[in-house]
Amino acid sequence: MFDQKQKEFNSVQTEYIFIKTAKKTKKIMIRDILFIESMENYIVIYTSQSKETVYCTLKVIAENLPTRSFFQSHRSFIVNADHIQAIEGNIIEIGSHKIPVSRSFKDHIYNTYIEGHFIARNRKAGD
């Protein structure tokens, strides 16, 4: 019964999540999350205003985020595509942060999140 309720809750796109840090339960707006870094059994959620450490796995947090905007770029990172400023080689830039892109995720990221939004000059014969 609880698992079914949890699945129904996860399927509804929410604007925020609640996390437990130290002795507080905090509300974090989904749109404010820049990226999430995994550190074994903990994750660090980087937002536009703060950095929160939570006792949780990357897999669990990924199941609670909308897949339209969030993707895994590396075994230790989940990125919010809405905040990407640049991609250079295998590095995603979000503000002053540099997030790695592993080979196993690179094609999926480009095909899903970048290809449809990519504008390039068409090359003519002889250019």
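1. The accessible surface of the chain comes to about 9,200 Å², and 51% of it is supplied by carbon and sulfur atoms. The model is a predicted one, and these values are computed from it. Of the 127 residues in the chain, 34% are buried.

2. The chain contains three helices and 10 strands. Read from the N terminus, the order of elements is α-β-β-β-β-β-α-β-β-β-β-β-α. Among contacts in the chain with a separation of 6 or more, 36% are between residues 24 or more positions apart.

3. Three strands form an open sheet in the order S8-S9-S10, and their pairing is antiparallel. S8 (86–88) and S10 (97–100) are the edge strands; each has a single partner strand, so one side of each has no neighbour in the sheet. From one strand to the next, the twist averages 30°.

4. Within this sheet, S8 and S9 (residues 91–94) run antiparallel and are joined by three bridges. Ile 87 is placed opposite Ile 92 in S9. As a general point, the strands of a sheet pair through backbone hydrogen bonds, in either a parallel or an antiparallel way.

5. Met 39 belongs to strand S3, which covers residues 33–39. Is Met 39 buried, partly exposed or exposed? Its relative accessibility is 42%, so Met 39 counts as partly exposed, a class that lies between the cut-offs of 20% and 50%.

How values were computed: Residues numbered from 1 in each chain as written. Predicted model: local features only at pLDDT ≥ 70, side-chain atom pairs only at ≥ 80, totals over all residues. Heavy atoms only, no water. Pairing = 2+ DSSP bridges. Helix = DSSP H or I, 4+ residues; strand = E, 2+ residues; numbered from the N terminus. Axes fitted to C-alpha atoms, helices over the stretch in contact; angles between N-to-C directions. Buried < 20%, exposed > 50% of the residue type's maximum accessible area, 1.4 Å probe, protein only. Contact = heavy atoms within 4.5 Å. Areas by Shrake-Rupley, 256 points an atom, 1.4 Å probe, with all protein chains shown as cover.
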